[in-house]
Amino acid sequence: MLTVNGIRDDLMATTVLEIERLTKRFGGVTAVDGVSLRLEAGRIYGLIGPNGSGKTTLFNCITGVERRDEGRVVFGGGRIDGLKPWEIAQKGIGRTFQLIRVFPELSALENLLVVTRDNLAAARERALELLRFVKLEELRDEYAGNLSYGQQKLLEFVRVLMREPTLILLDEPAAGVNRTLLNDLLDAVRHLRNQGRTVLLVEHDMKVVMGLCETVFVLDHGEKIAEGAPGVIQTDERVIEAYFGR
Amino acid sequence: MIRRGAALAALAAVVAGLAAYPGYASGYGVRATLQIFMWIVLAGSWNLISGLTGYVSFGHVAFFGAGAYTGAILVAKVGWPWLPAALAGGVAAVLLALVIGYPCLRLKGPYFAIALLGLNEVLRALVSYFEGLTGGGNGLSLPTLDATIPIYYAMGASAASVTLLTYVIITSRFGLRLMTIREDEVAAEAMGIDTARHKLYAFLLSAAGPGIVGALTARDQGYIEPISVFPLATTITMIVMVLLGGKGTVWGPVLGAVVLFVAQEVVWARYPYVHPLLFGAIIVAVVLLMPRGVLGLLQSRYRLPRTI
């Protein structure tokens, strides 16, 4: 899988996203506590940790949904902390949500068309191609709210791709998706990586994380307690302690 | 294609019929149709902001009133002809929307609705206060002029313009983006849509029509006072018309305006005491039985295109 050709070698050297000592507090609770991490182009990263460890808050701080209290987020050569969510999206960061957020009373096709920078006619081809990719082409005129949970999840996933983001944040992509769909989804994520895009995913399904990610970050109580290859992480004492207690 | 052609032909026939109507109609018929046009403009305009973005404006009559006073003052005090005064009424309403929309559109849900309700009350108080310009509580009389038929055409043109504008918006990327604000504003922003700018544009567009027909109404009636051009009931009626016909659709506000106005005239005029009761019953029935309105229901059931 990890064929290292010349092009990918170059890509790997490029930093896509750099987070420096990012902190976010809600009242007295420090949800994210001085987290630093670096993502390189063309790689798949995992972000794991027990419930309430700050994974989604970190996503929200990167994408501007939440304002960080301290620290810097650098993407594509410039700081993005302090920008509005739509500005960050336009710079090339796409995301999905833990709880699905499709536009329920727009059709599946419209859900994609609305995201484009081009005019509607020009975007149509790409939108249909993406719907074919996740086998939703037949349902293109159906309201997104009428699709099944798994179908909505796939729709939300390809909606992110309409803008061709360089960094894709996926919040629990595997949750509630059946095995067949899941394999398609994982293939799609690898395909994105092979195009040179970077993927950071929050996931509770360890099989998915271990099978897909090249580097895993572990959060506990808002702090990054470990970082490394999946095999190494699994045997890390602090990680085991965070999940199972001492 | 054939169905589209037939629909266009039917539409052209209706427009031609309405254009010829004053030639053979009674005075009452012309006045009633003129008012239907006005309601189409008001309901259609409310639909542009509230039906599409989900930001429910409870003070939309403020733009009607602002247009009415602007037009009336220009005609009565400055001596402008009514047509440019009506356009100035539209401009005044859009400027008001710009001033009020910028801060208020940051408010979500009920807070936005209440803020606009407050705007309407403030305007009514201001108009009552500046007696020198507005006549205060005594109202403002315009010079006598029988312009019912030209105003009929001006109202009709406004109704056609608002409906055409709605069609253009709903079938465009801009319109789809407005709908994403209604569907899920957080997701819309995460997809790179500048929701603040989109909402403001929709709000400005939604103020122009009420401003123009407000000024036309002032000219047509020849006399306005604060309670006659800033009534909350007018906003409520706009909302009910759109909910009845189908929010976020092209023809829903037109259908709602015609049905509700005709029902009001034909049936309710004979039973004045039950009128408010029936009005309330319609609101409850629509909300309970078909929250998407007549066209919204048809649209989701039969997958009709957005051009309906």
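**Figure 1. The open, six-stranded sheet of chain A in the predicted model****.** The strands are arranged in the order S6-S7-S8-S3-S9-S10, and their pairing is mixed. On average, neighbouring strands are turned by 20 degrees against each other, direction ignored. In general, the strands of a sheet pair through backbone hydrogen bonds, in either a parallel or an antiparallel manner.

**Figure 2. Pairing of strands S7 and S8 within the sheet of chain A****.** Strand S7 (residues 167-171) and strand S8 (residues 198-202) of chain A run parallel and are joined by five bridges. Within this view, Leu170(A) stands opposite Leu201(A), a residue of S8(A). Helix H7 (residues 179-194) of chain A packs on the sheet, where it touches strand S3 (44-48), S7 and S8 of chain A. The direction of this helix makes about 145 degrees with that of S8(A).

**Figure 3. Helix H10 of chain A against strands S9 and S10****.** Helix H10 (residues 237-244) of chain A lies across strand S9 (215-220) and S10 of chain A. Relative to S10(A), the helix runs at about 130 degrees.

**Figure 4. The hairpin of strands S1 and S2 in chain A****.** Strand S1 (residues 15-26) and strand S2 (residues 29-40) of chain A pair in the antiparallel sense, over eight bridges. Two residues lie between the strands of this hairpin. In the turn, Gly27(A) has a positive phi of about 60 degrees. Leu22(A) stands opposite Val35(A) in S2(A).

**Figure 5. Packing of helices H7 and H9 in chain B****.** Helix H7 (residues 148-170) and helix H9 (residues 195-221) of chain B pack with their axes 10 Å apart, at an angle of about 170 degrees. The two helices, H7(B) and H9(B), are therefore roughly antiparallel to each other. From H7(B), the contact includes Thr148(B), Ile151(B), Ala154(B) and Met155(B), together with Ser158(B), Val162(B) and Leu165(B). These residues meet Leu205(B), Gly209(B), Ile212(B), Val213(B), Leu216(B), Arg219(B) and Asp220(B) in H9(B). The residues of this contact comprise nine nonpolar, three polar and two charged. Chain B has an average pLDDT of 92, and 99% of its residues score at least 70. For the model, the scores are ipTM 0.88 and pTM 0.91.

Note on methods:
Residues are numbered from 1 along each chain as its sequence is written. Chains are lettered from A and ligands numbered from 1 in the order in which they are written. This is a predicted model: local features need pLDDT of at least 70, side-chain atom pairs count only at pLDDT 80 or more; totals for chains, interfaces and linings use all residues. Axes are lines fitted to C-alpha atoms, for helices over the stretch in contact, and angles run from 0 to 180 degrees between N-to-C directions. Helices (H or I, at least four residues) and strands (E, at least two) are DSSP runs, numbered from the N terminus. Angles under 35 degrees count as roughly parallel, over 145 as roughly antiparallel, 65 to 115 as roughly perpendicular and the rest as oblique. Two residues are in contact if their C-beta atoms, placed from the backbone, lie within 7 Å. Ala, Val, Leu, Ile, Met, Phe, Trp, Tyr, Cys and Pro count as nonpolar, Asp, Glu, Lys and Arg as charged, and the others, Gly among them, as polar. Two strands pair if DSSP finds at least two bridges between them. pLDDT is the predictor's confidence in each residue, from 0 to 100.
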